[in-house]
Amino acid sequence: MHSNEKKEWPSLDIGIYSRPYFGERVNGDWAFVSQEEALLFIGIIDGTGHGAKAKKVVAIVKEILKEHWSKNLESIMQRLH
């Protein structure tokens, strides 16, 4: 493909299933999928630990990925670290 050609992604059906760890009420796992023209981003996040503490970590990751997913992956990883 030449650099001036646009890549078209086929229609995607994505399903995500996650549940809290046994005995917990909230979940610290999350998945994110987004695309823009030739860019497809899929992220699977497993918060540290279980329950409310993991959910807090995932909340921060959600905001960063929703805002920056289409930017440089290395900078996203540095920000998340």
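Helices (H or I, at least four residues) and strands (E, at least two) are DSSP runs, numbered from the N terminus. I16 sits in the segment before strand 1 (29-36).

This is a predicted model: local features need pLDDT of at least 70, side-chain atom pairs count only at pLDDT 80 or more, and totals for chains, interfaces and linings use all residues. Residues are numbered from 1 along each chain as its sequence is written, and side-chain values use heavy atoms, with hydrogens and water left out.

**Overall layout**

The chain has two helices and two strands. Along the sequence they follow the pattern β-β-α-α. The elements discussed here are tabulated below.

| Element | Residues |
|---|---|
| Strand 1 | 29-36 |
| Strand 2 | 39-46 |
| Helix 1 | 51-68 |
| Helix 2 | 73-80 |

Of the 81 residues in the chain, 22% are buried. Buried means under 20% relative accessible area, exposed over 50%, and partly exposed in between (1.4 Å probe, protein chains only). The accessible surface comes to about 6900 Å², and carbon and sulfur atoms hold 51% of that. Areas come from the Shrake-Rupley method with a 1.4 Å probe; for residues, only the protein chains shown count as cover. Contact means heavy atoms within 4.5 Å. Among contacts between residues at least 6 apart in sequence, 45% join residues at least 24 apart.

**Core and rings**

The largest nonpolar core has nine residues: W30, F32, F41, I45, V58, V61, L65, W69 and I76. Such a core is a set of buried Ala, Val, Leu, Ile, Met, Phe, Trp, Tyr and Cys residues joined through side-chain atoms within 4.5 Å. Strand 1, strand 2 and helix 1 each give two or more residues to this core. Helix 1 provides the largest share, three residues. Leaving aside neighbours within four places in sequence, I76 contacts L65, H68, W69 and K71.

The whole structure holds three aromatic pairs. In the pair of F41 and W69, ring centres are 6.4 Å apart and planes meet at 55°, so the pair is tilted. F41 lies in strand 2 and W69 in the loop between helix 1 and helix 2, so this pair ties together parts 28 residues apart in sequence. Rings of Phe, Tyr and Trp (its six-membered ring) pair if their centres lie within 6.5 Å; planes under 30 degrees apart count as stacked, over 60 as edge-to-face and the rest as tilted. Both F41 and W69 are buried. Ring pairs link W30, F32, F41 and W69 into a cluster.

**Exposed I16**

I16 is exposed, with a relative accessible area of 53%.
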